[in-house]
Amino acid sequence: MVEVVSESLPPYLRGLNPPQLDAVRTLDGPLLVLAGAGTGKTRVLTTRIAHLLVQRKAFPGQVLAVTFTNKAAAQMRERVASIIGETAEGMWLGTFHALAARILRRHAELAGLKSNFTILDQDDQIRLIKQLLQAEGIDDKRWPARVVHGVIERWKDRGLTPQRVTAESASEVANGRAVEIYAMYQERLKTLNAVDFGDLLLHTLTIFQNDASVLAEYHRKFKYILVDEYQDTNVAQYLWLRILAQGHRNICCVGDDDQSIYGWRGAEVGNILRFEQDFPGAKVVRLEQNYRSTEHILSAASSLIAHNRGRLGKTLWTADKGGEKVVVKPVWDGEEEARFVGEEIEAHQRAKVPLSQIAVLVRAGFQTREFEERFVTLGLPYRVVGGPRFYERQEIRDAIAYLRVTVQQDDDLAFERIVNTPKRGLGDAALRIVRGLASARRISLYAASQEIIGTDELKPAPRRSLTRLVEDFARWRAGLETIGHADLVRTILDESGYTAMWQMDKSAEAPGRLENLKELVAAIEEFDTLPAFLEHVSLVMESVEKASDEMASLMTLHAAKGLEFDVVFLPGWEEGLFPHPRALDEKGEEGLEEERRLAHVGLTRARKHAYVTFAANRRIYNTWQSSIPSRFVAELPASDVDVKAETGLWGSGPDFAEDPFARNPRSFGRTRAPLLEGKATRLGERAAPDFVPGMRVFHEKFGYGRVVAAEAGKLEIEFEHTGPKKVMDSFVRKA
Ligand code: ATP
Ligand code: MG
């Protein structure tokens, strides 16, 4: 039957399996393709667009296709063009934001805007809210602008204009005046002829709701609507799609409930379940053949996700039998993890795997740092996808600017960067005076500041601020001689108010920035002095590779959605990192399931090789912390994994999966200390002896030393090379 059909098919439809073909050729009416990773959903969507155009069901300008990223849109455009043999000019293909912006430009006046409106970035949005809070006399210590901004953003995600926010969801935020502030904020934006990201959707949605003729125009225009990654749409996006699709009902959404990973940004996986209610008679197509991954990888991913309760459930199979098992590799610490990954990448390179087919997918942004350092050392070209490289991130640059001024007070670029970050009332007016003196006397800004604070050139408030800053730097500089440099960095970040600035920040990115700052301190500890570290950073920053296709990719799991690579590394599968504690704290079991979906997304990115690694020790600030493998490791079936432990480490194969520590770390609750020691001991295959003061010992990192004091698992040791340190006794053996 299938054979007969395929004879008469145009080339671009050949090779599709029957349900895929069905989905591609069901052009009219609502269609939901609900299917697992790598089953060809995106391919179906792309082929469907081509088919619409080839069949002359629509002109390019009548197709509205939504993708999750701009990059995905570019790829889809290319694929469609390669099928139809010409570029489909005029297609409305892009992200929700891009498409909505395009519509809003055409009807800006209906939203009280001019068509050349500005799209404000987050900093500007927050600044605006801050002004409003001040004008209204709302204490911004108690209700920081960032918090109020976050609340407004979430309302917008849910499609709520100020008029629609219900009283109870407004709660006590901003002294119960959050809705008022929201309304004022919208008014201010209008006066500025500006919008924020949420407005792009919200304004167009409001226009569609209020202006029947405009809506009718778009109903006529967009004959076909297609949506990729539907499981991650939020309510506003959902409403936007629904109203646009109501005209002709030709809407095709593809998604996978097991890959919904943006709940923390307002995505509602329930949108998939609602589809059939909103579009009665919708056709639902399920795809079960996975074309991406080999058997063990797929089976490992499927078993993992089967631990989730809140899912529709599906079976996936692949014709690609056999292949490599998922490599599970315990490592000593992050450094060894990066070294291992580097070596494996080089081995794949020798086996002619292009670097563009290799990716390292991390749970948290800070994790890229150790890999970046390793790749730079190896001369291995890499790109960080979806964000800047570690040392280029805003918070890292800011922190480093503080350190640069501490070490070298004439570093004007660094000084300018942080003189008013966090805000300390040293704005343009004050700076102009400092700059004036600096250039007149040909001295640095810092030196000029030292002079100016002894005068009345500045108004009292900025003068006090600048005095304090100059004194701070003087003190920190003295600290270079007296305190350990890592401690000093922590002190600088705390005393300058820089850490606090991000702690107050309630945006989705803030916790990640704080993690990056901690990672920075960990990085600094690897160097003997602060200047040595700064030197290293300039060298790393300099080695930015020329753009080329041949680069390995480093990115977060979130950014990897929809992508595929021959070789995928999944580092840091440890409790306390993945599942991420924040997800568990904020959303409990639901949070855990979202984390598990993320793990599943990670594994299913791999075509041929997947590696899961976890470190026994992570350096968090000054101390080493033992970690235990993520519960997700134990959820991988023994028959699909290949545990690459050196003899004596962990044992191998099924034993490993049976390991009671690995199996259910949760059952040991939060007081893990004794367990950790047991674990670390086992990992190193040695029993912790009783340490007594005076004993000569050896530590993996710090080498030989003598015990000074021993207490409850912690030792104070005077190391021969690095001086006194506090360490965990499980990492120390008798010398
Ligand atoms: P994800 O859920 O990760 O977004 P997906 O369902 O969108 O995955 P695609 O990316 O469309 O899956 O397809 C996965 C891989 O399988 C791609 O390399 C694609 O070209 C290939 N593929 C899809 N369908 C077929 C088919 N019928 N024959 C051969 N290869 C296919
Ligand atoms: Mg896809």
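**Exercise 1.** Determine where leucine 636 lies and whether leucine 636 is buried or exposed.

*Solution.* Step 1: leucine 636 belongs to the loop that runs between helix 28 (631-634) and strand 16 (641-643). Helices (H or I, at least four residues) and strands (E, at least two) are DSSP runs, numbered from the N terminus.

Step 1: leucine 636 counts as buried because its relative accessibility is 1%. Buried means under 20% relative accessible area, exposed over 50%, and partly exposed in between (1.4 Å probe, protein chains only).

Step 2: isoleucine 305 is 331 residues from leucine 636 in sequence, yet 9.5 Å from it in space, C-alpha to C-alpha.

The basis of the values is as follows. This is a predicted model, in which local features need pLDDT of at least 70 and side-chain atom pairs count only at pLDDT 80 or more, while totals for chains, interfaces and linings use all residues. Residues are numbered from 1 along each chain as its sequence is written, chains are lettered from A and ligands numbered from 1 in the order in which they are written, and side-chain values use heavy atoms, with hydrogens and water left out.

**Exercise 2.** Carry out the analysis of Exercise 1 for phenylalanine 719.

*Solution.* Step 1: phenylalanine 719 is part of strand 19 (residues 714-719).

Step 1: with a relative accessible area of 2%, phenylalanine 719 is therefore buried.

Step 2: between phenylalanine 719 and valine 697 there are 22 residues in sequence and 9.0 Å in space, C-alpha to C-alpha.

**Exercise 3.** Which side chain makes a polar contact with the side chain of aspartate 505?

*Solution.* Step 1: locate aspartate 505 in the loop between helix 24 (498-504) and helix 25 (510-525).

Step 1: the relative accessible area of aspartate 505 is 4%, so the residue is buried.

Step 2: the partner is the side chain of arginine 146, at 2.3 Å. A polar contact is a pair of N or O atoms within 3.5 Å; within protein, one must be able to donate a hydrogen and the other to accept it, and residues adjacent in sequence count only if both atoms are side-chain atoms.

**Exercise 4.** Describe the surroundings of ligand 1.

*Solution.* Step 1: ligand 1 is surrounded by 19 residues, the closest being Lys41, Thr42, Gln259, Glu564 and Arg605. A residue is near a molecule if one of its heavy atoms lies within 4 Å of it.

Step 1: this shell consists of three nonpolar, 10 polar and six charged residues. Ala, Val, Leu, Ile, Met, Phe, Trp, Tyr, Cys and Pro count as nonpolar, Asp, Glu, Lys and Arg as charged, and the others, Gly among them, as polar.

Step 2: helix 3 (residues 41-54) contributes the most to the shell, with three residues.

Step 3: examine individual atoms. An oxygen atom of ligand 1 lies 2.5 Å from a polar side-chain atom of glutamate 564. A nitrogen atom of ligand 1 is 2.8 Å from an N or O atom in the side chain of glutamine 20.

**Exercise 5.** How many aromatic pairs does a search of the whole structure find, and how are the rings of phenylalanine 390 and tyrosine 391 arranged?

*Solution.* Step 1: the search finds 26 aromatic pairs. Rings of Phe, Tyr and Trp (its six-membered ring) pair if their centres lie within 6.5 Å; planes under 30 degrees apart count as stacked, over 60 as edge-to-face and the rest as tilted.

Step 1: phenylalanine 390 and tyrosine 391 are edge-to-face, at 5.2 Å centre to centre and with 85 degrees between the planes. Both phenylalanine 390 and tyrosine 391 are buried.

Step 2: tyrosine 446 and phenylalanine 473 also form an edge-to-face pair, with 6.1 Å centre to centre and 85 degrees between the planes. This pair links distant parts of the chain, since tyrosine 446 is in helix 21 (residues 445-452) and phenylalanine 473 in helix 22 (residues 460-482), 27 residues apart.

**Exercise 6.** Which residues are joined by the peptide bond whose omega is near -5 degrees?

*Solution.* Step 1: recall that most peptide bonds are trans.

Step 1: the bond from threonine 421 to proline 422 is cis, with omega near -5 degrees.

Step 2: proline 422 is placed in the loop between helix 19 (412-418) and helix 20 (428-441).
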